[in-house]
Each structure stands twice: as structure tokens, then as C-alpha cells.
Amino acid sequence: MNRLSNLGKDSSRMMVTTVPGIEDIVLKEASEKLNLLESHHRFGGVGGRVYLEISKEDVQKLFKMRSIEHIIQIIDVFTVKNTKGGLDEIYRGVYRSSIPLGSTFRVTCERIGSHEYTSMDVQRVAGQAIVDKYGTKVNLKNPETIVRVDVAHDLCIVGIQLTRTSLRIRYPRAFHHPSALNPVIAYAMLRCAEVQPGDRILDAFCGGGTILIEAAQVWEDIEAIGIDISPKSIDGAQRNLEAAKVKSKVKLILGDATRLEKVLPEGLKVDKAVSNLPFGIRSGRLKGLPKIYSGFLRSLRPFLNETSKVCLLTIHKELLKSISKRFGYEMLESRRIVNGGLIAHIILLRPS
Ligand SMILES: C[S@@+](CC[C@H](N)C(=O)[O-])C[C@H]1O[C@@H](n2cnc3c(N)ncnc32)[C@H](O)[C@@H]1O
């Protein structure tokens, strides 16, 4: 863990939010794209929050990152009690802070841990402190400044939220798949699979095409193939590819991922197979999952070479683990993440 340093005048302390479980990928991406002075991967002891101390000139570069959702410029950090008295500490702490405000503001709070107050209470007292100190008007709907006052266990973090909408929204979605994946997770999966420029990538359960679009937007010269058994998904994915301007890099095929020999040309090899597997919850077909997982991993095997990687998202880790072993795969990595409130696993396999 890196310590929070005393801030030099040319550096900025930032807290970025992400999907819990991929904080290390945020740090990797940040160190590639920014001049990282200090970092802490679970800021305030909370998953999904990463502390980055960066050069002031690099702040704009954060908006180009693919592994994060929100960017908060930290103004002040202080400890608070979890009893009702904590609210007075928050009032005083916010009043003390020098907050660069526009003509209107709103306070947003995310509270993690057990406290005798709610996030609404925090918003109310922090908002009052700002009105009392600066006399600035509140605008809940469209404020010029979003002040974040987060409480993570015994820590209060005061900052300015620089993002209006989550950076997961990267392109207009023409089609909304009911199980659409968060593109931040798609990016993390592609990173786990170590996608390289020039790779051929297969998503055999492509839905609305999130993984294919992420791959095509981030890596140069890749060739992506998407398969789905539902004509509605294939049609929707096509429209999403157009909206994301990556149509020429991706081929879509209507077909069954459990019989890839009937879908893909004989002799074709894929470098990376990356998929968000059907969870069987929304579709109510939990019983059919072993057949889908087995059929997919069995029929995928001939299309892999010895350096290929397979990266899959599932909530049924044990099922996938046992089936992958049976069909000749070795598990290289298993990562627990939080996907829309559900615990899920990113599993990395290679043919053994
Ligand atoms: C979890 S969703 C994928 C969502 C996608 N990642 C997105 O962001 O839109 C799983 C997809 O697998 C497809 N599917 C289910 N069984 C299949 C099979 N046997 N072959 C191919 N696709 C299948 C479903 O139609 C669904 O679109």
C-alpha cells in the first residue's frame, strides 16, 4: 500500500471508482497512461475505490481510462465517528474545507459501513455547511458543482466529482440487451486475457456486443467474431457496432456456441475467447447451464492453439471449474468481482 503523501502544488489527489475486484487493473492502466506519483488500490478500505496521486497536467487523461467509472478530485480527508456525533464532525470538516464551487452545487454521498446516520443525513449537513460558509445555491437537478462527501467506515472523503455520467457510457447504445455487460468489466476481462494488437477474438455469447466493441475500440488491428443464438441479439449487436463505429472490425454470426464446429470454418484458430456466459437467472434456465458450458468448452477446443486464452465471466464458478477440467483446460486465474450487485467470477483458462 502506498501512503497518502503531502500534496505537492503540481499534483492532484484523485479517487476513482470502479467495479469491486478490478482495482489492480485500474492501477495497471493508470501507470501506463499517467505519471503516477502514489496510489492505493482500496482507498478507505473499500473495494471499487482507487486513490491516485497524479500530476495536475494528467487529470484530463483520466477521462480516457477504460477501467474506471467516476473521477473525484479529493479536497479533504478526515476521520468521523459512526455515532450521531459524526454528523457534527462532517459539518465542521466540510465547513473547514476550501471547496472550489461554481454558482450552484449539490452534495452526493456514498456511505459504506455501519453508522447511526444515513447518506441523506450526510448530504443534508454537508450541504448546510457549504450554504453557511459560501452562501452558494443548491441545485439538485443540474448543479454546476457536484460535491462528494463519502463516508467509508471511519473516514470522510470530501471532493469534487469531475464526471457527470459514468465513464462506462462510452458510445450510444442503439440496442439494450437485457443482460448487457458493464464495458468496464469487458475491458477488465480483455486485460486478463492479455489481448494484443492483431489478435483474433471470439465472443461466442456476444449478446449486444459489449466485449467485441470494447476490444475493437481499444486494440489495433484486432479481428473480432461474435456469435449468438438469438437473432434479436445479433441484429441489436450489429446496430451497436455501427453506433460505436467499429463495424468493419467485427463479424457477427447467428449460431449455437455449443456447436462451434457448425458455425466457424474448419482450421480457424482464435487467440482469445472472451465471453459473459449466460447466468441462467434472468432466462430461468439454470438447469440447462451444464449442457451449455460443456458444449461450449468442448466445441471451442479445436479452435484454440497452445497460446490461446479463454476468459469467462460466470456466477457459477464451481460448475465452470469442473467442466473446464473435464474438457482439457487449465485454470490460470479466478477473480471475484461485483457485477451489478451480484458476486461473479472472471475465470482465465488455457488449453492444457
Ligand atoms: C449474458 S448474455 C451476454 C450479454 C453481452 N455480454 C452484452 O453485453 O450484451 C448471454 C448471451 O448468450 C446467448 N446464448 C445463450 N445460449 C447460447 C448458445 N447456445 N449459443 C450462443 N449464444 C447463446 C444469449 O442469447 C445471450 O445473448
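Biologist: How far apart do the C-alpha centres of domain 1 and domain 2 lie?

Modeller: They lie 35 Å apart. Domain 1 is 11-161 and domain 2 is 183-351, with bounds from an automatic or database domain assignment. This is a predicted model, where local features need pLDDT of at least 70 and side-chain atom pairs count only at pLDDT 80 or more, while totals for chains, interfaces and linings use all residues. Residues are numbered from 1 along each chain as its sequence is written, and side-chain values use heavy atoms, leaving out hydrogens and water.

Biologist: How many residues of domain 1 are in contact with domain 2?

Modeller: 14 residues of domain 1 are in contact with 13 of domain 2, where contact means heavy atoms within 4.5 Å.

Biologist: What makes Glu-32 and Arg-191 a salt bridge?

Modeller: Here's the rule: a side-chain nitrogen of Lys or Arg has to be within 4 Å of a carboxyl oxygen of Asp or Glu. The closest N and O atoms of Glu-32 and Arg-191 are 2.7 Å apart, so the pair passes. Between domain 1 and domain 2 the count is three salt bridges.

Biologist: OK, why is Ser-67 called buried?

Modeller: Buried means under 20% relative accessible area, with exposed over 50% and partly exposed in between (1.4 Å probe, protein chains only). Ser-67 has 0% relative accessibility, so Ser-67 counts as buried.

Biologist: And which residues does Ser-67 touch?

Modeller: Leaving out residues up to four places away in sequence, Ser-67 touches Thr-18, Ile-22, Ile-25, Val-26, Glu-29, Val-184 and Tyr-187.
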